[in-house]
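I opened this entry to look up helix packing, the nonpolar cores and a few backbone angles. My notes follow in the order I checked things.

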Amino acid sequence: MTSTTSTTDTGVAPDFAPLFAPLRLGGRTAPNRIFQAPMSVGYANPDGTVTEKEIEHYGRRAQGGTGVVITENFSISVAGRQMPLQTLVDDEDKLPGLRRLAAEIHRHDSLAIVQIVHAGRYAGPWDEYESRPRLAPSAVPFELTPGRVVTPQEMTAQEIEEAIEEFVRAAQLCERAGFDGVDVHAAQGFLISEFLSPIMNRRTDAWGGDFAGRTRFALEVVRRVIANTGPDFVVGVHLMSDERVEGGWTLDEAVRLAPLLEAEGAAFLFAIPATFETMRLPANLGMYDRPGCTLDDTAALQRAVDIPVVANGGLGDPREAVKVLQSRQAAAVALARPLFVDPDWPTKVRTGMPDTRRTCPCSPPRCLQTQLTGAICTEWPESTQSRGYLGYEEGTAATSH
């Protein structure tokens, strides 16, 4: 028998009311404190333009009641692209699709934010790695895939400046397309977090060395994006909170950097521990399978700043999500796989029917195994899996704009 919780005259179940309080993000207000966490689904065209499938995917999450929809990471350049079906925000020709995507999310009264990224030494396609050198702060060899050690190309001062300008251009394109803001990706071992890391950044010029040198690139990207977009445009940061390896970037450094990002005008932060490499270390195996795996880092950042810090990772149980807000460990929660398997998670929780939501028990997750070709979920109905994405009801489509 499915348990339910009665709702108030506002239509919100009292037990879950903290999740549905409005949240101020810079110059915008989100209708609730549930974020779509960035999650690579690979629905774009090979040329980086937005597809109908992509528009429906994000529109459907907004329709389900998510207050802030952050897209998967969209690359600021071809050189910074990681996945073969990853959206690009690098040129005017991307604007028509981006405009439709922003409008579709807004049609359901959610804030629309694009995560922008340069993959740095992780850029792909991997089979072209040697023929297209990958940029990084330093030419440090690393294991790209099991058993395959590669060395990226150390960026020149001019290439660093060009990358900063590419972040600015991407943010401006997103603003012109009608998005409410961008989420600057400075985590997981992508380019900005590479500059933060003493392991990945061994430069001796102004872009490396001590804390000030290693954080310069991140602060400059955020500073210039904010300076070149409108006053109400929201700029958040996905921040590597701890590299989780000896000699790497530490939580203490992230706590030190967070107020500097806030002073530059950042409107929200995520705390994201580990990189794709350090997640494979024995001490970190299974870290992201544990509920609330990032909460200690999130709470540390939230204590250091006044802007919202968004909790992310293993918070699919709405009762646990409420506890995070009530304990002030974070100001909001972000969900990736819970919204992928069931975009109506927010509506079901808001109306007091949390136990009717679909969950994702598969391990390893099928959605992660299919990211390169277009992510699917084994918990979707068979017809939806065959279609290749969970958008609107079959026979309906996103509106034209």
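**Helices H5 and H6.** The model is predicted. I began with H5 (residues 211–227) and H6 (residues 251–264), whose axes come within 10 Å and cross at roughly 30 degrees. Angles under 35 degrees count as roughly parallel, so I logged H5 as roughly parallel to H6. I noted the crossing of this pair as right-handed.

I then listed the contact residues. From H5 there are Phe211, Arg214, Thr215, Leu219, Val222, Arg223 and Ile226, and they meet Glu253, Arg256, Leu257, Leu260, Leu261 and Glu264 of H6. By class I found seven nonpolar, one polar and five charged residues in the contact of H5 with H6.

**Helices H1 and H2.** Next I looked up H1 (residues 52–63) against H2 (residues 95–106). Their axes are 8 Å apart and the packing angle is about 20 degrees. H1 and H2 are therefore roughly parallel to each other, and I recorded their crossing as right-handed.

On the H1 side I have Glu52, Glu54, Ile55, Tyr58, Gly59 and Ala62, and on the H2 side Gly97, Arg100, Leu101, Glu104 and Ile105. I sorted the contact of H1 with H2 into five nonpolar, two polar and four charged residues.

**Nonpolar cores.** Which residues have the most contacts inside the largest nonpolar core? I noted Phe35, Ile116, Phe179 and Phe217, in a core of 93 residues. Helix H3 (residues 157–177) gives the most to this core, with ten residues.

I followed up Phe35. Leaving aside neighbours within four places in sequence, the residues in contact with Phe35 include Leu23, Leu25, Thr66, Val68, Ile70, Phe270 and Val310. Also among them are Ala332, Val333, Ala334, Leu335 and Leu339. I also found a second, separate core of 19 residues, which includes Ala13, Phe20, Leu295 and Leu335.

**Positive phi.** Asp109 has a positive phi of about 70 degrees and lies in the loop between H2 and strand S5 (111–117). Ala274 has a positive phi near 75 degrees, and I placed Ala274 in the loop between strand S12 (268–273) and helix H7 (295–304).

Is each of them buried or exposed? Asp109 has a relative accessible area of 62%; exposed means over 50%, so I marked Asp109 as exposed. Ala274 is at 2% relative accessibility; buried means under 20%, so I marked Ala274 as buried.

Methods. Residues are numbered from 1 along each chain as its sequence is written. This is a predicted model: local features need pLDDT of at least 70, side-chain atom pairs count only at pLDDT 80 or more; totals for chains, interfaces and linings use all residues. Side-chain values use heavy atoms; hydrogens and water are left out. Axes are lines fitted to C-alpha atoms, for helices over the stretch in contact, and angles run from 0 to 180 degrees between N-to-C directions. Helices (H or I, at least four residues) and strands (E, at least two) are DSSP runs, numbered from the N terminus. Angles under 35 degrees count as roughly parallel, over 145 as roughly antiparallel, 65 to 115 as roughly perpendicular and the rest as oblique. A crossing is left-handed if the near helix is turned anticlockwise from the far one by less than a right angle, and right-handed if clockwise. Contact means heavy atoms within 4.5 Å. Ala, Val, Leu, Ile, Met, Phe, Trp, Tyr, Cys and Pro count as nonpolar, Asp, Glu, Lys and Arg as charged, and the others, Gly among them, as polar. A nonpolar core is a set of buried Ala, Val, Leu, Ile, Met, Phe, Trp, Tyr and Cys residues joined through side-chain atoms within 4.5 Å. Buried means under 20% relative accessible area, exposed over 50%, partly exposed in between (1.4 Å probe, protein chains only).
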